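Colleague: Put the model up, please. I'll ask as we go.

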Amino acid sequence: MHPSASNDQGLLSVPFGRQFIWIPKETLSKKELLLFQMREGDRQKNIDHQAHPWYPILFDHQPVSSPNMYRFIHVHFTKVIDGLQSEWLAEIQQMLPAVVDLFFIYDNQAVIVEAHSGENLRVEDLDGLFVALDMDFDCYSQLFVGPFHRSEHDFTQLWEEEATFYYEVLQLRKHQKSLDLPTGLSTLFISGAKPYLALLRTLYLDWFEEETETIIRALWQHQGNASSTAKALFMHRNSLLYKIDKFQTATNLNLKIMDDLLLGYFLCQTFSTHTD
């Protein structure tokens with residue numbers, strides 16, 4: 001393990017955390033060497049700590065000097081920017097005025113640190129912004145929008161756990177542009193139910209019809225509120241309550257209870273052919 005990459009052409013430097021493993025190329029097979037070459041985008045950057053004060057906060061447990069709430073936007077590139085990273089960062093800085101720091105950690109990974117301003121963009125808005133940036137810079141990025149944290153916390157621990165969480169979710173949602181904590185948690189929850197898929201699929205097949213799915217999704221979007229759900233479905237409230245009661249008689253699942261509604265929504269998300 002070494003703190004920096006080797007300049008020796010006979011050694012391969014493999015990033016591992018904030019350090020590098022030096023491996024003699026002569027000890028690698030052709031396939032192993034090819035695999036490492038495919039990870040060239042993971043080469044760690046040399047970060048100017050004075051220009052980027054959040055680097056030691058994220059990686060060296062340094063405290064935050066300005067009290068506020070902050071969030072990380074993790075950006076992962078499956079198609080990297082060739083020579084235009086500074087321009088990309090400048091565009092982000094202009095589009096997101098609450099940014100307090102941003103930099104590339106690797107060629108294929110960047111972090112954006114935002115202060116809470118009350119005007120921070122939502123995930124769906126950031127999704128559109130990054131789609132436009134991808135077109136302008138001929139790249140493809142995916143992002144995880146973390147929650148806001150108070151400044152007194154250990155941001156190094158928060159950063160490491162968020163990055164690990166994002167990596168795990170990204171393996172399951174490889175084609176999704178933008179993710180946040182709720183979406184990621186539901187993804188991991190669904191993934192964790194794999195040992196019981198036969199049981200859960202049986203429930204889905206026995207319980208759900210297309211109209212039932214529509215009702216459950218609408219109830220979930222409106223936090224179980226029957227009046228708002230009925231309005232969204234262009235349905236009389238009493239008709240909706242009748243259908244909910246009928247579903248409870250057939251399944252013993254009461255969609256007026258949030259735990260039961262969560263199970264119904266989970267089954268729809270996992271097994272429905274209408275799920276994205």
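Colleague: Which residues does Leu261 touch, not counting residues up to four places away in sequence?

Modeller: Leu261 touches Ile216, Leu219, Trp220, Gly224, Asn254 and Leu255, with those sequence neighbours left out. Contact means heavy atoms within 4.5 Å. The model is predicted: local features need pLDDT of at least 70, side-chain atom pairs count only at pLDDT 80 or more, and totals for chains, interfaces and linings use all residues. Residues are numbered from 1 along each chain as its sequence is written, and side-chain values use heavy atoms, with hydrogens and water left out.

Colleague: Where does Leu261 lie? And is Leu261 buried or exposed?

Modeller: Leu261 lies in helix 11, and that helix covers 258–271. Helices (H or I, at least four residues) and strands (E, at least two) are DSSP runs, numbered from the N terminus. Leu261 has a relative accessible area of 0%, so it is buried. Buried is under 20%, exposed over 50%, partly exposed in between (1.4 Å probe, protein chains only).

Colleague: What separates the C-alpha atoms of Leu261 and Gln223?

Modeller: The distance is 9.4 Å, with the two residues 38 apart along the chain.

Colleague: Where is Gln223?

Modeller: Gln223 sits in the loop that runs from helix 8 (210–221) to helix 9 (226–232). Just after helix 8, Gln223 takes a positive phi of about 55°. Gln223 has a relative accessible area of 61%, so it counts as exposed.

Colleague: Which other residue has a positive phi?

Modeller: His61, with phi near 60°, and His61 is not a glycine. The loop between helix 2 (54–59) and strand 3 (69–79) holds His61.

Colleague: Back to helix 8. How many residues has helix 8, and which are buried?

Modeller: Helix 8 has 12 residues and reaches 17 Å from first C-alpha to last, close to the expected 16 Å. The expected span is 1.5 Å times one less than the number of residues. Its buried residues are Thr212, Glu213, Ile215, Ile216, Arg217, Ala218 and Leu219.

Colleague: What do the buried residues of helix 8 pack against?

Modeller: They pack against four helices: helix 7, helix 9, helix 10 and helix 11. Ile216 and Leu219 are among the residues that Leu261 touches.

Colleague: What about Trp207, buried or exposed?

Modeller: Trp207 is in helix 7 (residues 197–207). Its relative accessibility is 19%, so Trp207 counts as buried.

Colleague: Which residues does Trp207 touch?

Modeller: Setting aside residues up to four places away in sequence, Trp207 touches Thr212, Phe247, Thr251, Leu253, Leu263 and Leu267. Thr212 is one of the buried residues of helix 8. The C-alpha of Trp207 is separated by 29 Å from that of Val169, 38 residues apart along the chain.

Colleague: New topic, helix 5. How do the axes of helix 5 and helix 6 cross?

Modeller: The axes of helix 5 (residues 155–172) and helix 6 (residues 181–192) come within 10 Å and cross at roughly 60°. Axes are lines fitted to C-alpha atoms, for helices over the stretch in contact, and angles run from 0 to 180 degrees between N-to-C directions.

Colleague: Which residues make the contact?

Modeller: Helix 5 supplies Phe165, Glu168, Val169 and Leu172. Helix 6 supplies Leu181, Gly184, Leu185, Thr187, Leu188 and Ser191.

Colleague: Which residues of helix 5 are buried?

Modeller: Phe155, Thr156, Trp159, Glu162, Phe165, Tyr166, Val169 and Leu170. Phe165 and Val169 also belong to the contact with helix 6. Helix 5 has 18 residues and spans 26 Å from first C-alpha to last, close to the 26 Å expected.

Colleague: What about His153?

Modeller: The loop between strand 7 and helix 5 also holds His153. Its relative accessibility is 43%, so His153 counts as partly exposed. The C-alpha atoms of His153 and Pro63 are separated by 8.0 Å, though the two are 90 residues apart along the chain.
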